[in-house]
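Subject: Structure handover

Hi there,

Here is the structure I promised to pass on to you. Please have a look at it first, and then read my notes below.

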Amino acid sequence: MYALDGIRVVDLSTMIAGPFCTMLLADMGADVIKVEPPDGDPWRQMGLAFLGANRGKRSIAVDVRREEGGEIFRKLVSTSDILVENFRPGIWQKLGLDYQSLCRIKPDLIYISIPAFGSTGPYVMLPGYDGLPQVLSGQSVSQGGIGNPPVFLKRPSNDYAAAMLSAYGAMLALYVRAKQGKGQYVETSIIDAAVAMQASDFIDYPGMQRQFRGDADLKGVKATCRLYKAQDGRWFFVLCTNEAQWRALAQVLGRDDLLNDPRFHTPQKREENDEALVDILANAFSAKPAQQWLALLEEAAVPCAPSLTVDEILKDPHYLANELVVDHDHPTLGRVRQTGIGPKLSQTPGRIWRPAPVVGQHTNEILIELGYSEEQIADLRAKRIIA
Amino acid sequence: MAQALEGVKVLDLGNYIAGPYAAMLLGDQGAEVIKVERPEGDPYRKVPGFIALNRGKRSITVDLKRKQGQQIAQELAKRGDILIHNFRPGVAQELGVDYETLSRLNPRLIYCAITGYGEKGPYRDKLGWEPLVASLAGAYTDQPSSDGSPTFLVLPLASYFAAFLAAFSSVMALYIREITGRGQAIEMPLLNALTVAEASTLVDFEEVIRPQWAPQGPLPLYRLYQGGDGQWFCLGVGNYAFFTKFALALGHEEWFSDPLFEGAPWMILPPRSYEVQRMLKQIFATKTRDEWLEFLRSHDIPCAPARRIDEFLDDPQLKINEMVIALEDPHVGRVRQMGIPLKLSLTPGKVKGPSPLLGQHTQEILSELGYPPDKLSKLREGKVI
C-alpha cells in the first residue's frame, strides 16, 4: 500500500518549486499528470534539472489556452484531487482555470499555488526565480559577509523549500478533506519559503546583536569546526563538540603540545586565538592524504567527514545502501541515476514509478481514460490542441 | 474544524533545529505540541533562534534517564498522535521511547525519527550534526570559493529541509491513519533531506554536463552585478522571452544574431560567458543600482537588490504575506519572527504564543495525566521533573 494510492494530482507547474512538490507526491503513490504546452515545459531545456524533478509523472501535452484544450483540462480536474501551479497571479483567471472557477467543477479540489512573491502586494507581478528571493532575503549577503561581495548560492534552496512546504500543505488539506469532505486553496511563495529557510536568524528584538560571519571563502565557524585541505588536495570537515574530542584531535596530529599551550588550553582561549589555531591545524593536515586523516580521526572518535562532490555522491556506498541514489531506465537517455526517496515510511514506503516522461508521452492514454475516442484524439492532434 | 491539525497531539522530544522546527510547523497548523525537555533544557535555548522555533509549545522537563521519567514520556505517548525526535541511533531505546515500546502502548502513534544518516551504510553511526551531513551531501563542494575549494555554508540547510519533510511525512501518515487506523514509523535522515533538495543536480546519465560555478554566479545573464555606486543586485534573465526584453530594453537588437549570445540565457558557456559578463559589467557601471532596478523592472526583467536579513525583515511584501509577526518573550521583549509560510483558505494556521520557559508547563501537563499533587512534589524532589 502506498500513502497516496488513488490520489490524482494535475500538475501545471514548471521549473523546480512546483515540479519537485508534485514529485514528492508521485513518489508516495499519487498519480501525477503533468500538463504541458504542446511544445513541452520550457524547463525541459535544462536537461538534468528537468529529469531530477519530474520522475514518476505522466505527461499530457495540451494547449489549455484554446477552448477544446481548456475543456480537456477541466475534465481532467473533475477527476483529480489536487492541482499544483506556480505562475504569476492572474494568469489562470484569464483562462477561467483559477481556484474559484475550478471549484464549480470539482467542489472538494485542493488547489496548491506557489507564486514567487505571493498573490497581492508590490512584488507579485515581478517575475521571480530562486536567485531573486535569495538576494532579497539576505541569504547572499549572509554568505558573503558585510562589506564583501554577496555570494550567489548555487543551490536553489528556496525553490526546494517552497516545494516541501507546499507538499506539507497538500497533506494538511488532504487530511482535512478526509475528515470533513471539503477542499481548499493553499498558498506558499518562494519569498515566504526564503523566510522559512532562515527561521532561526529571521528574528529581531530590542538590543539583538546580529552576527555576520560570512565570507566568499568561508571554511567554517572556528578552528575546531572547519573544512581542511589534505596533502592530496582533498577537503574534509573536522568538528570537535567537546574537550575529549579536542584532545584526541591534538593527539592524532601528534601535537600534544597544543593541549598545554596557553593560547589554546581552554575553549575560550582557542576562540581568542582562532586564527593561529587554524594556521597550525591547516599546516598539520597538509602532511597526509585525506583518506588517511579520516581513518585516523574516526579511530580517535573525532567527528569528521569528507567534503564529497556530486560525482562521488552518485557512486557512494552509503547512498547506494540507503537507496538515496537509484538507477532506472529512461526511454531516450538510457540508464539514469538520480536521488531516491527522502522520507522513509515503514507502512507506506515510497516508490519510484517511472522516469521523467517525454513530452506528451501519455497524452493518448490519459485522453482515453477521460473518455475521448480515437477519432476525437486524432482530430485534436490534427488541430495541434494536443501533442 | 478551524485549523487543520486541531485535536492532534504532538510530542516534541527534539533538540536544536530539525525536530523542534518540524513540531512548530505542526503547531502553527493547530496541533497541540508538548516539548519534552531534559532537566537542563534543549541546548538550543542558549541561541536566540530557540525563540523562533519553539513558539506555541508547552514545555515539560523530564529526566528520561530515570525509570519514572520514562514512564511519564510513555504515558504522554499513549495519548499522543505524533512523536518527533532527533536522537542519535540507539538513544531512543536507552530512554525507553523507541518505536517498538511506544507502538505497543499506542498502535495509532506516528513516530518520526529525524536521524543523521539513515539506518544502513557506512555513515550510520557518524555524529549527525549539520556540517558533517552537509559535507557528505556535497553541499560545500557544490558551492566553490574563488579558488575552487569548498565553501562552508552559513545556513543549516539539512536541518531546515529535514524539518519540512518531517512535517510533510507526519501529516501524510496522519492522513493514511484516517484510512487504516494505524500509525507507523517514519525515518527522516538529515542526509536524505539535503540530498533530495538537490534532486535537479544529482542526476547522472551519459551526456551530463556540469557547468563550473563562480561565487557571484557563472551565467552572464543570471548572476550578481554591481551598479555604478558599488551596490549589488541580481540579474535574473531566466528564459528566452526575458532575454528578448533585456536586449531590446538596452537597445542591443544585434544580440539576437550575435554568436556571442548563442544559447541565451542558460547556455552561454565559457569562454563566451566571460566576454558577455565583461560587457554587462561595463553597461551596469553607468548607472546606480537602484536606477538599474527601476529600469529593469519597468521592462519586466527579473532583478532584485542584494539585501541584509535585517532589511528583509522590513520588507513590505512580507508584511502583506503576514510573514513577520511579533511575540512577547519574557526574557528579551518583543520579538519579530517568521509568520506562517503556508496559507490555507479553509483551515488557516495560527501562532498560539511565544516559546515556553524551561518546564513552564510541567505541573499542568502532569496534572492532565492524572498525577496528584503529592506525587508531583515527590517527582520534583527526586529531580525526575
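This is a predicted model: local features need pLDDT of at least 70, side-chain atom pairs count only at pLDDT 80 or more; totals for chains, interfaces and linings use all residues.

Let me start with a question: which residue in β6(B) is the bridge partner of Lys344(A)? The partner turns out to be Glu187(B).

**Where the chains meet**

The contact between the chains involves 123 residues of chain B and 124 residues of chain A. On the chain B side, α7(B) gives the most, with 15 residues. Sorted by class, that side of chain B has 73 nonpolar residues, 29 polar ones and 21 charged ones.

**The core**

The largest nonpolar core has 251 residues, and those that touch the most other members are Tyr168(A), Phe161(B) and Leu194(B). Once again α7(B) comes up, giving the most to this core with 17 residues. As background, nonpolar side chains tend to be buried together in soluble globular proteins.

Setting aside neighbours within four places in sequence, Phe161(B) is in contact with Tyr160(A) and Met164(A) from chain A, and with Ala193(B), Leu194(B) and Ala197(B) from chain B.

**Chain A overall**

Chain A has 18 helices and 13 strands. Along the principal axes, its C-alpha atoms fill a box of roughly 85 × 50 × 40 Å. Of the 387 residues in chain A, 55% are buried. Among the chain A contacts with a separation of 6 or more, 70% are between residues 24 or more positions apart.

**Domains of chain B**

Chain B is divided into two parts: domain 1 covers 9-198 + 315-381, and domain 2 covers 222-306. Taken over C-alpha atoms, the centres of these two domains of chain B are separated by 43 Å.

**Backbone details to check**

- The peptide bond from Ala264(B) to Pro265(B) is cis, with omega near 0°. Pro265(B) is found in the loop between α9 (240-249) and α10 (272-284) of chain B.
- Pro270(B) and Pro271(B) are also joined by a cis peptide bond, with omega about 0°. Pro271(B) is found in the loop between α9 and α10 of chain B.
- Arg384(A) is not a glycine, yet has a positive phi of about 60°. Arg384(A) lies in the segment after α18 (374-382) of chain A, and is partly exposed because 13 other C-beta atoms lie within 10 Å.
- Glu322(B) also has a positive phi, near 55°, in a residue other than glycine. The loop between α13 (316-320) and β11 (324-329) of chain B holds Glu322(B), which is partly exposed, with 16 other C-beta atoms within 10 Å.

Gly148(B) sits in the loop between α6 (130-136) and α7 (157-180) of chain B. Its C-alpha atom is separated by 8.2 Å from that of Ala214(B), although the two residues are 66 residues apart along the chain.

Happy to talk any of this through with you.

Best wishes

How values were computed: Residues are numbered from 1 along each chain as its sequence is written. Chains are lettered from A and ligands numbered from 1 in the order in which they are written. Helices (H or I, at least four residues) and strands (E, at least two) are DSSP runs, numbered from the N terminus. Two residues are in contact if their C-beta atoms, placed from the backbone, lie within 7 Å. Ala, Val, Leu, Ile, Met, Phe, Trp, Tyr, Cys and Pro count as nonpolar, Asp, Glu, Lys and Arg as charged, and the others, Gly among them, as polar. Two strands pair if DSSP finds at least two bridges between them. Domain bounds come from an automatic or database domain assignment. A residue is buried if 20 or more other C-beta atoms lie within 10 Å of its own, exposed if 12 or fewer, and partly exposed in between; C-beta atoms are placed from the backbone. A nonpolar core is a set of buried Ala, Val, Leu, Ile, Met, Phe, Trp, Tyr and Cys residues joined through C-beta atoms within 7 Å.
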